[in-house]
Amino acid sequence: ERNKMTLKRVELRQRIYTEIKENIICGKYVRGQRLIETQIATEYGVNKANIHEILLMLQKEELVRYEPMKGFSVQGIFREDIQEIAKIREVLENAIFEDFLTNADQTAVDQAKLFTQRKIALLKAGLKEEAHKETLSTFEIVYANTSYQRMVNILRMYREYVDLMIHQAFEGPDDVSMTIQNSTLLYEVLEKRDIEMVKQWTHIRYQNAVNKAKLSKSFQERT
């Protein structure tokens, strides 16, 4: 019984940490906004000490900052953060997809092709949220069929940032058109199991994320 209670506390703490982190990354909590520990603790029904530990964790990730006599406030994310994560994503995804194309059985590759094909159709129909779900399904198939699980775990650590990049990629009609082209290239990569072509695909994805970060008003330069 005690172990169950401990597990529930750990799960709740993880949920609070994840929600605060997502709120910062997506911009729901704006730069400079104070994060009052007692208010957050009351909102989630937990001890203030738990919130303090969570905010310290986020401070290590440079998402919040602490000032004596003032407490914690939102630092947010900068263009350089997104650009760095996009570069990490390019390198790791390239290696993961190369391994997948080389070693996965044809059934797994066909599943990835099917999800990609569905994504293209949904994008053409203007169903962006549904298309995003097909993207996630494609990557889950690839991640489940690669031996590079450490790389997969690193990418999962940056899930919230990657989600932000994906949502930014759908801001306008031109962005959707570019995503359709990129998804069509991925389908060709999977169809041919082409190692060289996958480098082109991951590079386009990386460049798109960087360009969106440069243009976005949500981010500022690190000073």
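Q: How do α4 and α7 cross, and within what distance do their axes come?
A: The axes of α4 and α7 cross at roughly 145° and come within 10 Å. Axes are lines fitted to C-alpha atoms, for helices over the stretch in contact, and angles run from 0 to 180 degrees between N-to-C directions. Helices (H or I, at least four residues) and strands (E, at least two) are DSSP runs, numbered from the N terminus.

Q: Is that crossing left-handed or right-handed?
A: The crossing of α4 and α7 is left-handed. A crossing is called left-handed if the near helix is turned anticlockwise from the far one by less than a right angle, and right-handed if clockwise.

Q: Which residues make the contact?
A: From α4 come Ile 88, Arg 89, Leu 92, Glu 93, Ala 95 and Ile 96, and from α7 come Met 151, Val 152, Ile 154 and Leu 155. Contact means heavy atoms within 4.5 Å. By class, these residues are eight nonpolar, no polar and two charged. Ala, Val, Leu, Ile, Met, Phe, Trp, Tyr, Cys and Pro count as nonpolar, Asp, Glu, Lys and Arg as charged, and the others, Gly among them, as polar.

Q: What kind of model is this, and how are residues numbered?
A: This is a predicted model, in which local features need pLDDT of at least 70, side-chain atom pairs count only at pLDDT 80 or more, and totals for chains, interfaces and linings use all residues. Residues are numbered from 1 along each chain as its sequence is written, and side-chain values use heavy atoms, with hydrogens and water left out.

Q: How many helices and strands are there in the protein?
A: The protein has ten helices and three strands. Along the sequence they follow the pattern α-β-α-α-β-β-α-α-α-α-α-α-α. Taken along the principal axes, the C-alpha atoms fill a box of roughly 60 × 50 × 30 Å.

Q: Back to α4: at what angle does this helix cross α6?
A: The axes of α4 and α6 cross at roughly 70° and come within 9 Å. The two helices are therefore roughly perpendicular to each other. Angles under 35 degrees count as roughly parallel, over 145 as roughly antiparallel, 65 to 115 as roughly perpendicular and the rest as oblique. α4 passes α6 in a left-handed crossing.

Q: Which residues of α4 and α6 meet?
A: Glu 93, Ile 96, Phe 97 and Phe 100 of α4 meet Phe 139, Ile 141, Val 142 and Tyr 143 of α6. Seven of these residues are nonpolar, none is polar and one is charged.

Q: Changing topic, how much space lies in the largest pocket?
A: The largest pocket holds about 560 Å³ of space. Of its 24 lining residues, Arg 89, Thr 135, Val 162, Ile 166 and Arg 205 are the closest to its centre. On a 1 Å grid over the protein atoms alone, a cavity is a set of points where a 1.4 Å probe fits but cannot get out, and a pocket is an open set with protein on both sides within 12 Å along at least five of seven lines; lining residues have an atom within 4 Å of a point. Grid points are joined across faces, edges and corners, and a volume is the space filled by probe spheres set on the points.

Q: Which helices supply at least two residues of that lining?
A: They are α4 (79-103), α6, α7 (149-157), α8 (159-168), α9 and α10. The lining of the largest pocket has twelve nonpolar, four polar and eight charged residues.

Q: And what about the second largest pocket?
A: About 380 Å³ of space lies in the second largest pocket. Among the 18 residues that line this pocket, the closest to its centre are Lys 21, Glu 61, Ile 85, Tyr 158 and Tyr 161. α1 (2-25), α4 and α8 each supply at least two lining residues.

Q: How many cavities of 30 Å³ or more does the structure hold?
A: The structure holds one, with about 60 Å³ of space in the largest cavity. Its lining residues include Thr 116, Phe 139, Trp 201 and Arg 205. By class, the lining has three nonpolar, five polar and two charged residues.

Q: Finally, where does Val 46 lie?
A: Val 46 lies in the loop between α2 and α3. Leaving aside neighbours within four places in sequence, Val 46 is in contact with Leu 12, Ile 16, Ala 41 and Ile 51.
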